[in-house]
Structure formats: structure tokens, C-alpha cells
Amino acid sequence: MARAIAGIQAQDARAGRLAFRSRSRSATAASVDRARTEERSIVRAWAMRGTIHLLNADDAAWMLPLFEPAAIAFSRRRLPQLGMDMPTVDRALATFGKALRAGEPVARSELAMRLASRGIELTVETRIHIFRLAVAERVACFGPDAGGEPCLIAPAAWFGQRPRIERAAALEELARRYFKAFGPATEADYAGWAGLPLRDIRPGLAAIGAELREYGEIGGRPAWTLGVGARRAKAGTLRFLPGWDTYTMGYRDRDFFATPELWKRVLVGGGVIKPIVLADGVAVGLWRLERKGRRLVVKLEPFAKLEAAMLDAIQAEVADLGRFEGAEAELAA
């Protein structure tokens, strides 16, 4: 699944797991965690747009080098602005490398404590950049969790050596994956999703030009699909999408699933994209999940009165949330 949709946005770990549920009736929260922390078939890393994604592990070998240079440049530029000079940054990374040398996972809090013992105090702002830099420079990668806290581990100990893949070939494959998953879409959609400059976007598009089929125009721009385009869900499909879902992040022009006025209710302050109820690809409301012990309570905020047929589909989604989480789920009155 992570391969088919070119990665799943996952800066919120629970939202990332729920993105699998909305696309599968067999996946469970436990199976997603197992794939990441035991089978190692999916990888958590900073990728498109500089945000954390869950990627197919084989894909990560060619995808991550496309995004690592920008992540490195940004964090090495930002850290001095936040008061951490380059010698201190390099000393922090060396401390991480030493702590992970044994090939065992180490919790992020433990790594922060090791830095503090060497006189390197992290702030809320510098913490994210130091950890992102450690991953982008391949000093570390995300490994298993310990007590609910993410751990870092040496990449060679977790995945072995990555094969070298030419950047041009990787850019070609990225374009192919995007239009297979998101088409019909425009060049602007693709560039916004990838977060790469047009000098990278256009060569990849040109390389797959023979595979693309013209769709017409979207928002006055030419749009394409890959071959016959993505397989469409049957009419009457309703899904609860988590916050920051890949579907909501895949396009520059989002008017097809929410009007600008409704989009203001989806995208709120601080870049937060709320979970949405999607009916036949169109947002019909918001939803949120409250956890009360072993019980899950789903609360809806419809944009308009829901059709009767949707209510049965909503109850089915609530039941499936319970199945996915292995808990009892109910719809709030």
C-alpha cells in the first residue's frame, strides 16, 4: 500500500496508521506497527515536502536521496540561526554516531540526555533539526519503539547498505509513482506534492512522457494520468480519512473535493489538516476520534445534512475503526 500511493504522510504516527485503514479492510494497527518495527518493510523518514512519511522500504533506497540534500541544507542553515554553531552541530552528530555504534536502538530522549551530558542542550526548535539532520546525513534512522517512544538506530544495523541509484532514474520513477497514484493531476500538483524545484520535476516528467495520457485541463493547466489512470472506487464509497492524509496533500488545486470556504474548515491554523469524511472523493464533513480506555468514540461535524445512505456507511466506518484498533467503537449521539 505504501508503494502504491508513493508513501503515506505520517508526522502524526496515529494518523499515518489510520491512512492504511482507510485504504484496506484487512490492515490493522498492529500489522502496520509490525511492518515498521519488526518486518522493516516500511520506513519512517523525512521525504516529500520535508515531512515525515511511511515509505516502502525498497522505495526508500531511491526516494530518500532525492530529499536528503534539501533537508541537510535547511537544517544546517537553520541551526546557527537558532543559536547552535556548526562545531556544536557536528559534535552532536558524532555523539549520536557513537551512541548508535553498537547497532542497538536508542530512544530519542536518551540521545537528548547524552547530548546534555556533553553540554549540548536542545531546545524545542533545535531538537527537531538535530534529529532530522542525523537521519538525512544517515547517521541514524527510525527503528523500533520503546514504551511508545520512537528510537533511532544505525541505518546499517536496521536495513543494511542502500544500493546506489542515479538521481535521474529516481526522478523518473518518482514522477511515474505520483501520476499512477494521483492522476489526473497537473505539473503544479506534482511539484507541490513532491516539494522539489521545477528543475527536478520537469526532467522526470519528460522521461515518462510516452507513458502519460492527456486528461484535459484542471484549473487552466494541462493534466495527465499514467496510462489508464488510477483505479477509481465504486460509487457510494465513504471513508474516514485521518489528518494530513496523502489524498489531501496530493494536489495544489483542491477545489474538486472541498470548496475554498469548506477548505478553511479543513486546514486550520498551524498547518493542521483535520480528519475528513470523504464521500465519492468529496469532503462532506469532519470527524475526530476520542479514546476512552479501551473504547473509541467517533464524533462527526457534517458540512450539511447527510443523506440516509451515508449514515449506514458511517456506521460501517465506525465499526471498521474498532476492528483496526482492536477496540470497541461507537458513534457519538
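In which helix is K98 found? The legends below start there and then move on to other close-ups of this predicted model.

**View 1. K98 in helix α4.** The answer to the opening question is helix α4, where K98 is found. K98 is exposed, because its relative accessible area of 54% is over the 50% cut-off.

**View 2. T95, a buried threonine in helix α4.** Helix α4 covers residues 86-99 and also holds T95. T95 counts as buried because its relative accessibility of 8% falls under the 20% cut-off. Look for the polar atom of the T95 side chain that lies 2.9 Å from the backbone oxygen of R91. Setting aside neighbours within four places in sequence, T95 is in contact with R114, L115 and R118.

**View 3. Helices α5 and α6 packing together.** Here helix α5 (residues 108-117) meets helix α6 (residues 124-136), with the axes 12 Å apart and at an angle of about 105°. That angle makes α5 roughly perpendicular to α6. From α5, the residues taking part are R108, S109, L111, A112 and L115, and they meet R127, I130 and F131 of α6. Sorted by class, this contact has five nonpolar, one polar and two charged residues.

**View 4. The largest nonpolar core, and a second one.** The largest nonpolar core has 46 residues. The residues with the most contacts inside this core are L174, Y178, F179, Y190, W193 and I276. Zoom in on Y190: leaving out neighbours within four places in sequence, Y190 is in contact with L171, L174, A175, Y178, F179, I201 and L205. There is also a second, separate core of 26 residues, with A27, I42, L238 and I314 among them.

View 5. Helix α1 spans residues 13-21 and is mostly covered, with seven of its nine residues buried. Which residues of α1 are buried? They are A15, G16, R17, L18, A19, F20 and R21. At the start of α1, follow D12: one of its side-chain oxygens reaches to within 3.0 Å of the backbone nitrogen of R14.

Notes
Residues are numbered from 1 along each chain as its sequence is written. This is a predicted model: local features need pLDDT of at least 70, side-chain atom pairs count only at pLDDT 80 or more; totals for chains, interfaces and linings use all residues. Side-chain values use heavy atoms; hydrogens and water are left out. Helices (H or I, at least four residues) and strands (E, at least two) are DSSP runs, numbered from the N terminus. Buried means under 20% relative accessible area, exposed over 50%, partly exposed in between (1.4 Å probe, protein chains only). A polar contact is a pair of N or O atoms within 3.5 Å; within protein, one must be able to donate a hydrogen and the other to accept it, and residues adjacent in sequence count only if both atoms are side-chain atoms. Contact means heavy atoms within 4.5 Å. Axes are lines fitted to C-alpha atoms, for helices over the stretch in contact, and angles run from 0 to 180 degrees between N-to-C directions. Angles under 35 degrees count as roughly parallel, over 145 as roughly antiparallel, 65 to 115 as roughly perpendicular and the rest as oblique. Ala, Val, Leu, Ile, Met, Phe, Trp, Tyr, Cys and Pro count as nonpolar, Asp, Glu, Lys and Arg as charged, and the others, Gly among them, as polar. A nonpolar core is a set of buried Ala, Val, Leu, Ile, Met, Phe, Trp, Tyr and Cys residues joined through side-chain atoms within 4.5 Å.
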